[in-house]
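Keep the 3D view open as you read.

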Amino acid sequence: MWYHKPVINEELLQSLPNLKIVASSGAGIDHLDLNLLSSYGVKVSNTPLVVSTDTADLGMALMLASSRRLVEGHQIAVSPDTQYFPADWLGTEVSGATLGIVGMGNIGYKVAERAKAFNMKILYHNRNRRNKEEESAIGAIYCKKIDDLLQQSDFVLLAVTLTPQTHKLIGKRELKLMKPTATLINISRGLVLDQDALVEALQTKVIKAAALDVTYPEPLPRDHPMLKMKNVIITPHIGSATKKTRRLMMENMIESIQAGLAGLPIPNEIL
């Protein structure tokens, strides 16, 4: 499966009685009905580890681009109407700011490693707390309650897996808890965020900005209000989109398929 296609539903499974394994690219598994696949005796694998480095890089890139208003700056610099550069055109500091990471899995932890190099104060909220050695290595502070993280952070980065529990995890209430100077960054899944609530929060200056690699749907309808907002950066779900990583993803999928067909232990099997 690449880009969640083909759709694995009952009709397809019934038409493929000899199917042994579904190898899915990427880390997210929200597009898979694991119970349905299991009922047909089909095993499932994904490629979670190889995507984490590039996705973390993109998370930092989005934070830097949004804070320093790089897209707006580029447009000013290349516009045929520009006669001078405004002296009062200012961005927001990243170095020394507070970053709140929601979801401290492989990707979230790698974001924190990068943020440490920017001398950022790192807060995180996760279903399970990391051990003290891991926290100490990146200087991260655990927030048992997500509300505490939202209230303190200058940047909030979402790196959670989409599950029924994280569906619209960030909505109107959560956005109101954030600082009016804060930026929201989403590198997980579009449905982790209530997009209508985000639009309202951006329009009414409840928060300052958003930088999104994921939306719902993808792409957004061409008349969606976020496409015209200067305080929003949207990229086309390119967290893992480098030549090296995409090749490694495909190699991982092939290894899992070969193991599944040979009856051997499957690398990255989803149980």
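**Around T47**

Leaving aside residues up to four places away in sequence, T47 touches S24, S25, G26, A27, M249, N252 and M253. Please keep in mind that this is a predicted model.

Is T47 buried or exposed? Its relative accessible area is 0%, and because buried means under 20%, T47 counts as buried.

Helix 3 packs against helix 5 (residues 106-117), with the axes 8 Å apart and at an angle of about 50°. That angle makes helix 3 oblique to helix 5, and the crossing is right-handed. On the helix 3 side, the residues that meet helix 5 are S52, T53, T55, A56, D57 and M60. Their counterparts in helix 5 are N106, I107, K110, V111, R114 and A115.

Finally, zoom out to the annotations. An unreviewed UniProt entry gives residues 3-270 as "domain: D-isomer specific 2-hydroxyacid dehydrogenase catalytic". This span is 37% helix and 13% strand, and its end C-alpha atoms lie 18 Å apart. UniProt also places "domain: D-isomer specific 2-hydroxyacid dehydrogenase NAD-binding" (unreviewed entry) at residues 60-239. For residues 60-239, the end C-alpha atoms are 11 Å apart, with 32% helix and 16% strand.

Methods. Residues are numbered from 1 along each chain as its sequence is written. This is a predicted model: local features need pLDDT of at least 70, side-chain atom pairs count only at pLDDT 80 or more; totals for chains, interfaces and linings use all residues. Side-chain values use heavy atoms; hydrogens and water are left out. UniProt positions are given in the numbering used here, feature names are shortened, and annotations may be inferred rather than shown by experiment. Helices (H or I, at least four residues) and strands (E, at least two) are DSSP runs, numbered from the N terminus. Buried means under 20% relative accessible area, exposed over 50%, partly exposed in between (1.4 Å probe, protein chains only). Contact means heavy atoms within 4.5 Å. Axes are lines fitted to C-alpha atoms, for helices over the stretch in contact, and angles run from 0 to 180 degrees between N-to-C directions. Angles under 35 degrees count as roughly parallel, over 145 as roughly antiparallel, 65 to 115 as roughly perpendicular and the rest as oblique. A crossing is left-handed if the near helix is turned anticlockwise from the far one by less than a right angle, and right-handed if clockwise.
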